[in-house]
Amino acid sequence: MSTAPASDPQPEPAAKPKPRLVFDDPLDQQSSDDTDRGWGERPPAGGSAADLARFLDEKPPHHI
């Protein structure tokens, strides 16, 4: 007579819930392009040194 342990069945992984259908107008939501950060703007740092650095970074080439 064998005393091998009975194999326990593996519990099934929880099923992922299906994504909800959203019928909102996507144009009502703000995109990253609608923000200053989406256009590459830096958050305001304040101070004259930060203002000078921004001016020098954003100076057009014909103003050198």
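Trainee: Why is aspartate 33 called partly exposed in this predicted model?

Mentor: Its relative accessibility is 48%. Buried means under 20% and exposed means over 50%, so aspartate 33 at 48% counts as partly exposed.

Trainee: Where is aspartate 33 placed, and which residues does aspartate 33 touch?

Mentor: Aspartate 33 sits in the segment before helix 1. Leaving aside residues up to four places away in sequence, aspartate 33 touches Gly38 and Trp39.

Trainee: What makes the pair glutamate 58 and arginine 54 a salt bridge?

Mentor: The N to O distance between their side chains is 3.1 Å. The cut-off is 4 Å, from a side-chain nitrogen of Lys or Arg to a carboxyl oxygen of Asp or Glu, so the pair qualifies. The structure holds 1 salt bridge.

Trainee: How are glutamate 58 and arginine 54 placed in helix 1?

Mentor: Both lie in helix 1, which covers residues 48-58. They are 4 residues apart, about one turn of the helix.

Trainee: Why are glutamate 58 and arginine 54 each called partly exposed?

Mentor: Glutamate 58 has 47% relative accessibility, and arginine 54 has 40%.

Trainee: Which residues form the nonpolar patch on the surface?

Mentor: Leu52, Phe55 and Leu56 form the patch, with about 310 Å² of accessible area together.

Trainee: What does the protein chain as a whole show for helices, strands and burial?

Mentor: The protein chain has 1 helix and 0 strands. Of its 64 residues, 0% count as buried. The chain exposes about 7,000 Å², with 57% supplied by carbon and sulfur atoms.

Note on methods. Residues numbered from 1 in each chain as written. Predicted model: local features only at pLDDT ≥ 70, side-chain atom pairs only at ≥ 80, totals over all residues. Heavy atoms only, no water. Helix = DSSP H or I, 4+ residues; strand = E, 2+ residues; numbered from the N terminus. Buried < 20%, exposed > 50% of the residue type's maximum accessible area, 1.4 Å probe, protein only. Contact = heavy atoms within 4.5 Å. Patch = residues over 30% accessible without salt bridge, like charges linked within 9 Å, V, L, I, M, F, W, Y side chains within 5 Å. Areas by Shrake-Rupley, 256 points an atom, 1.4 Å probe, with all protein chains shown as cover.
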